[in-house]
Amino acid sequence: MMYLAHTAHWQFLGLVAGCLAWILTMTTAGINEWRVWHVADMSVITSGVAWVGIWRTCFYSHALPNIENCQSISILDDFVPTEMIVAQVLMMLAGICGLAGNISGSVAVRMAYFSVDGRKNIRLVFVLAGTLYVLTAVLALVPLVWNMRSVLNNNTIDFPPEFHLPPAPIRQQVGSAIGVGIFASILMLISGLLFFCYQYVWEALSPEAPRDALHGPQTETSQPDKRGVENPAFDNQGVP
């Protein structure tokens with residue numbers, strides 16, 4: 001039986017990082033602070049700051065019945081820019097791929113840490129986990145970078161009147177959600193690379209060369225013959 005527990009410590013770390021990155025990715029999708037708008041008219045938005053996310057916009061106001069006022073953004077709304085629609089779709093796909101990657105990574109690490117059947121599929125599982133992690137990072141990075149570029153270019157959004165937001169802010173800045181998302185994507189990418197770098201993914205696990213848990217492949221070595229050497233004097237004792 002081949003034991004691989006000592007070979008997958010970095011991959012276990014990659015699994016932990018992948019789980020953390022997935023949580024941060026889902027948090028990014030739900031945070032409203034993708035864009036921070038600073039408005040000149042404070043008659044309604046008394047704080048002068050509004051937060052624009054991919055799912056809703058929020059601001060604080062003492063002129064309206066509710067102090068915190070939020071309006072939902074649907075993918076079917078006509079005023080929603082393309083980058084926000086893409087972000088809604090791709091961030092959900094990133095969440096699904098990230099969850100699948102964590103499941104595949106858990107199975108791969110379990111196969112390495114415990115003596116289970118089906119070791120012949122260990123390379124496939126490690127490659128699958130790494131691929132899903134990298135795909136998750138790419139799916140999240142595309143809308144994050146696109147929306148960050150729109151903010152830096154000061155692109156406007158023509159919100160309907162019920163949002164109480166001007167078509168263009170006096171200035172806008174990148175929100176904390178984009179920073180958290182980029183960090184999560186980099187962490188997810190590192191996790192995928194760690195799974196790709198697992199040495200037994202690229203080495204054939206041949207049953208013809210069994211491996212020892214501590215010293216690697218077991219090979220035949222020449223050892224000194226410990227059998228006694230014949231004593232000619234003993235054979236000649238009975239000879240007159």
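Predicted model: local features only at pLDDT ≥ 70, side-chain atom pairs only at ≥ 80, totals over all residues.
Me: How many helices and strands does the protein have, and what makes a run of residues count as one?
Reply: There are six helices and seven strands. Helices (H or I, at least four residues) and strands (E, at least two) are DSSP runs, numbered from the N terminus. Along the sequence, the pattern reads α-β-β-β-β-α-α-β-α-α-β-β-α.

Me: How do you know what span to expect for helix H1?
Reply: The expected span is 1.5 Å times one less than the number of residues. Helix H1 (residues 9–30) has 22 residues and reaches 32 Å from its first C-alpha to its last, close to the 32 Å expected.

Me: Why is Thr-57 called buried?
Reply: Buried means under 20% relative accessible area, exposed over 50%, and partly exposed in between (1.4 Å probe, protein chains only). Thr-57 has a relative accessible area of 2%, so Thr-57 is buried. Thr-57 is found in strand E3 (residues 56–60). Contact means heavy atoms within 4.5 Å; leaving aside neighbours within four places in sequence, the contacts of Thr-57 include Trp-51, Cys-70, Phe-159 and Leu-165.

Me: Why does Ala-137 count as buried, and which residues does Ala-137 touch?
Reply: The relative accessibility of Ala-137 is 2%, so Ala-137 counts as buried. Ala-137 sits in helix H3 and touches Ser-185, Met-188 and Leu-189, not counting residues up to four places away in sequence. Gly-98 is 39 residues away from Ala-137 in sequence, while their C-alpha atoms are 8.4 Å apart.

Me: Which residues of H1 are buried, and what covers them?
Reply: Among the buried residues of H1 are Gln-11, Gly-14, Leu-15, Leu-24 and Thr-28. Their cover includes H2, helix H3 (122–152) and helix H4 (176–196). Over the whole protein of 240 residues, 41% count as buried.

Me: What makes a group of residues a nonpolar core?
Reply: A nonpolar core is a set of buried Ala, Val, Leu, Ile, Met, Phe, Trp, Tyr and Cys residues joined through side-chain atoms within 4.5 Å. The largest one has 18 residues, and those with the most contacts inside it are Ala-112, Ile-122, Phe-126, Phe-195 and Tyr-198. The elements giving two or more residues to this core are H1, H2, H3 and H4, and H3 gives the most, with six residues. A second, separate core of 14 residues includes Val-52, Ile-73, Val-80 and Phe-163. In soluble globular proteins, nonpolar side chains tend to be buried together.

Me: How do you know that Arg-35 and Glu-83 form a salt bridge?
Reply: A salt bridge is a side-chain nitrogen of Lys or Arg within 4 Å of a carboxyl oxygen of Asp or Glu. The side chains of Arg-35 and Glu-83 meet at 3.0 Å, N to O, in a salt bridge. Arg-35 lies in strand E1 (residues 35–38) and Glu-83 in helix H2, so the pair ties together parts that are 48 residues apart in sequence. Arg-35 is buried, because its relative accessible area is 1%, and Glu-83 is buried too, at 9%. A search of the whole structure finds one salt bridge.

Me: Why is Leu-76 called exposed, and what is the patch that includes Leu-76?
Reply: Leu-76 has a relative accessible area of 72%, so Leu-76 is exposed. Leu-76 lies in the loop between strand E4 (68–72) and helix H2 (82–113). Together with Ile-75, Val-89, Leu-93 and Ile-96, Leu-76 makes a nonpolar surface patch of about 470 Å². Patches are made of residues with over 30% relative accessible area and no salt bridge, with like charges joined within 9 Å and nonpolar side chains (Val, Leu, Ile, Met, Phe, Trp, Tyr) within 5 Å.

Me: Why is Asn-154 called partly exposed?
Reply: Asn-154 has a relative accessible area of 36%, so Asn-154 is partly exposed. Asn-154 lies in the loop between H3 and strand E5 (171–174), and its phi is near 60 degrees, a positive value in a residue other than glycine.

Conventions. Residues numbered from 1 in each chain as written. Heavy atoms only, no water. Areas by Shrake-Rupley, 256 points an atom, 1.4 Å probe, with all protein chains shown as cover.
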